[in-house]
Amino acid sequence: MAFIPESELIINPNGTVYHLNLLPEHISDTIITVGDPERVAKVSRHFDEIEVVVAKREFITHTGYYKGKRLTVISTGMGTDNIDILMNELDALVNIDFQSRTVNEEKIKLNIIRIGTSGSLQETVPLGSHLASHYSIGLDSLMEFYQIEQSEEEHSITRALQQELGIGFKPYCVTASPHLLEKVAFDMLPGYTLTCPGFYAPQGRVLRGGLRNERLLHTYQNFRHNDFMLTNFEMETAGYYSMGRILGHNVLSLNAIVANRITHQFADNAEQVIDDLILKVLERI
Ligand SMILES: O=P(O)(O)O[C@H]1O[C@H](CO)[C@@H](O)[C@H]1O
Ligand SMILES: O=c1cc[nH]c(=O)[nH]1
């Protein structure tokens, strides 16, 4: 079996994986992820007991019990570059033997559920709603570097979006875990989520830096391909779905809609919308 060198899988002197600072026994096979490090405690405050608290950079981890279920919650910070690190290191914790530095024969499939905030691209996706990303489209470059299988439908959506946006690279499209959609998101708005490599120009926001494409938001809002239209955007979902497919984990991204870019509103109860989503997820996983 192939040996993974010290420079590829970096293990800290205390045996933990490089960025997450975790040992295999620190995590559950059901993991809630959040962007904001302060949101970790907003999840774990509902736990009956917390057994692990670990922090390194933006990756804060709490593992404990909610009504008898062992759960882990981890913060990731913002952007798909952090999701590349998170997903590879979580996978290493369960599927690579740190002693022999070889991949285990029997693979563990993690259940990973993102609870994040997001902006709406349609009037029909109102502030305060909970939206489950059935599809994700990545406008970042992460999948330029991995081998990933995509269906003809996924390819055709991204070809059409590339043409519509007039950009020099092809975005990528990956779907959610059907198992987690059914278990956790059965009554949530179904969404087609655009993952952007930034919060400002890539989401059509202008403060002082001007946009190359002044019709970007309009193009996102009006993009149609068969039954497909974009409902919302954020900055991580496509990274999760693609890495989940590559590494064989179930992944679901849930979005608390806190901004509507078409009606120009921002929720005045954003924290409540997120807290409600946290409780819904804790009850269902
Ligand atoms: O609320 P989180 O989970 O951080 O998610 C969204 O909020 C951040 C931008 O404000 C980005 O990370 C975006 O994906
Ligand atoms: O508009 C928004 C709101 C939250 N997160 C985003 O990335 N965009």
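I looked up I113 and, leaving aside its neighbours within four places in sequence, found it in contact with I32, L180, V184, L252, L254, V281 and I285. Contact means that the C-beta atoms of two residues, placed from the backbone, lie within 7 Å. I note that this is a predicted model, in which local features need pLDDT of at least 70, side-chain atom pairs count only at pLDDT 80 or more, and totals for chains, interfaces and linings use all residues. Residues are numbered from 1 along each chain as its sequence is written, and chains are lettered from A and ligands numbered from 1 in the order in which they are written.

**Core**

I then checked the largest nonpolar core, which has 66 residues; I32, I113, I115, I137, L252, L254 and V281 touch the most other members. Such a core is a set of buried Ala, Val, Leu, Ile, Met, Phe, Trp, Tyr and Cys residues joined through C-beta atoms within 7 Å. β14 gives the most to this core, with 7 residues. Buried means 20 or more other C-beta atoms within 10 Å of the residue's own, exposed 12 or fewer, and partly exposed in between, with C-beta atoms placed from the backbone. By that count, 40% of the 285 residues of the chain are buried.

**Ligand shells**

Around ligand 1 I listed V34, G35, D36, M78, G116, T117, F199, E234, M235 and E236. A residue is listed if its C-beta atom, placed from the backbone, lies within 6 Å of the molecule. By class, I count 4 nonpolar, 3 polar and 3 charged residues in the shell around ligand 1. Nonpolar covers Ala, Val, Leu, Ile, Met, Phe, Trp, Tyr, Cys and Pro, charged covers Asp, Glu, Lys and Arg, and the others, Gly among them, are polar.

Around ligand 2 I listed T117, S118, G119, F199, Q203, F233, E234, M235, V258 and A259. β7 (111-120), β13 (232-234) and β14 (250-260) each give two or more residues to this shell. The largest share, 3 residues, comes from β7. Strands (E, at least two residues) and helices (H or I, at least four) are DSSP runs, numbered from the N terminus.

**Positive phi**

Most residues other than glycine have a negative phi. I found N21 with a positive phi of about 65 degrees, in the segment before β1 (30-34). N21 counts as partly exposed because it has 18 C-beta neighbours inside 10 Å. R101 has a positive phi near 55 degrees and sits in the loop between β5 (96-97) and β6 (102-103).
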